[in-house]
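Hi,

Here is the structure I promised to pass on. Have a look at it first, and then read my notes below.

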Amino acid sequence: MAVSKELVAASATPLVLSILSEGDSYGYAIIKRVRDLSQNGMQWTDGMLYPVLHRLEGQDLIESYEEASPSGRRRRYYRIKDHGKHVLAEQKSQWTLVHATLTRLWEARPCLT
Amino acid sequence: MFDLTNAVENWRRELSQSEAIAAADLNEMETHLREEIEGLAGRGLTEEEAFVIAARRLGSAGDLTCEFAKVNGAFIWQRRLFWMLAGVMLFMVAHAVAGVAAKALSLASTYIGLRGERVGLLESFISTAVLIITFYGVYRILGLNRKTHAATGPIKRSASTAALLITAAVIVFVCTAATRFVPLIQLRFLGPEEVGRMALGAAYGWALWAVIAPFALATILILMSRTKRCKVA
């Protein structure tokens with residue numbers, strides 16, 4: 001099952017911030033993590049991630065630095081900033097609310113008493 | 001035989017044509033592409049298969065342009081401004097060359113016995129014709145190069161770019177100086193009366209051009225403008 005484009009776009013910010021809150025990471029690793037976690041259900045166009053990362057950087061939610069990988073390749077790593085953590089907490093409560101609301105609707109059993 | 005280095009270079013060149021994608025973005029995506037290829041090759045795919053899949057997963061040039069355009073606004077306008085100013089430079093070069101060509105011809109025409117308004121008229125027509133020919137020439141050259149080079153691609157501050165711009169400046173300087181010098185000779189040897197009649201002829205020619213030019217330019221720009229590629233999601 002593939003998640004719709006709109007939902008992928010909307011969930012990009014909390015996804016990226018959540019992954020970065022686990023530790024610094026770079027584009028390819030973030031994509032891989034999303035792929036693995038969603039069991040390939042969330043089909044990102046890989047290139048889409050970079051404008052998202054740059055936007056978050058512009059909004060001061062994350063910062064980036066260059067570092068060589070063990071194989072000697074220069075990678076751009078991203079790190080979540082304090083402001084990003086606050087925004088993530090906000091997003092978390094919003095998404096949890098949406099999720100809880102939908103779950104309650106879908107799990108509602110007819111009341112017999 | 002599939003050559004990975006070549007394929008990655010071609011992929012990079014195609015994306016570098018996009019006005020929205022900066023060199024830093026390309027570096028980041030190239031690293032991504034290479035890591036993805038390695039990952040896929042590790043699962044038993046050939047290099048070619050891995051490249052095709054990795055490039056496809058990164059997205060098409062059109063899609064990436066649309067996505068990057070959302071965040072690279074300032075960069076896009078810097079690049080556009082560069083090309084606009086380059087256009088002004090081209091205009092100055094064409095204008096200077098046209099001016100000196102017209103003056104040279106008017107000087108020559110007085111020697112073969114042409115006088116008065118006719119010389120002035122001839123001057124304005126020659127000037128306009130050279131201007132149009134120069135722009136058409138540049139347009140053709142860019143059209144031919146478009147297949148191999150990015151016409152509006154990244155601006156590289158290379159030695160050849162600097163050399164080109166300095167040459168342009170020198171052409172403008174020399175031609176403008178020469179253009180200003182010719183009327184001196186004419187005034188000196190033909191006298192004010194004759195030069196005044198030449199100026200009258202030139203004024204008729206320029207008046208005609210002033211009527212045509214704005215509409216001609218607008219028509220050309222309309223013909224050259226392309227439809228937008230980005231879909232509004």
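Which side chains meet A:Arg35 and B:Glu36 in a salt bridge, and at what N to O distance? They meet each other, at 3.1 Å, N to O. By salt bridge I mean a side-chain nitrogen of Lys or Arg within 4 Å of a carboxyl oxygen of Asp or Glu, and the count between chain B and chain A is three.

Some housekeeping before the rest. This is a predicted model, where local features need pLDDT of at least 70 and side-chain atom pairs count only at pLDDT 80 or more, while totals for chains, interfaces and linings use all residues. Residues are numbered from 1 along each chain as its sequence is written, chains are lettered from A and ligands numbered from 1 in the order in which they are written, and side-chain values use heavy atoms, with hydrogens and water left out.

Now the interface. About 1600 Å² is buried between chain B and chain A, with 55% of it on carbon and sulfur atoms; buried area is the accessible area (1.4 Å probe) that two parts lose on being put together, summed over both. On chain B's side, B:Glu28, B:His32 and B:Glu35 supply 38% of the area it buries against chain A, more than any other three residues. The contact (heavy atoms within 4.5 Å) takes 19 residues from chain A and 17 from chain B.

B:Glu35 sits in helix H2 of chain B, residues 23–41; helices are DSSP runs (H or I, at least four residues), numbered from the N terminus. With a relative accessible area of 7%, B:Glu35 counts as buried, since the cut-off for that is under 20% (1.4 Å probe, protein chains only). Leaving out residues up to four places away in sequence, B:Glu35 touches A:Tyr26, A:Tyr28, A:Arg73 and A:Arg75.

A:Arg35 turns up again in the lining of the largest cavity, along with A:Ile31, A:Val34, A:Met42, A:Trp44 and A:Asp46. About 30 Å³ of space lies in there. On a 1 Å grid over the protein atoms alone, a cavity is a set of points where a 1.4 Å probe fits but cannot get out, and lining residues have an atom within 4 Å of a point. Grid points are joined across faces, edges and corners, and a volume is the space filled by probe spheres set on the points.

That's what I have for now.

Cheers

Note on methods. Helices (H or I, at least four residues) and strands (E, at least two) are DSSP runs, numbered from the N terminus. Buried means under 20% relative accessible area, exposed over 50%, partly exposed in between (1.4 Å probe, protein chains only). On a 1 Å grid over the protein atoms alone, a cavity is a set of points where a 1.4 Å probe fits but cannot get out, and a pocket is an open set with protein on both sides within 12 Å along at least five of seven lines; lining residues have an atom within 4 Å of a point.
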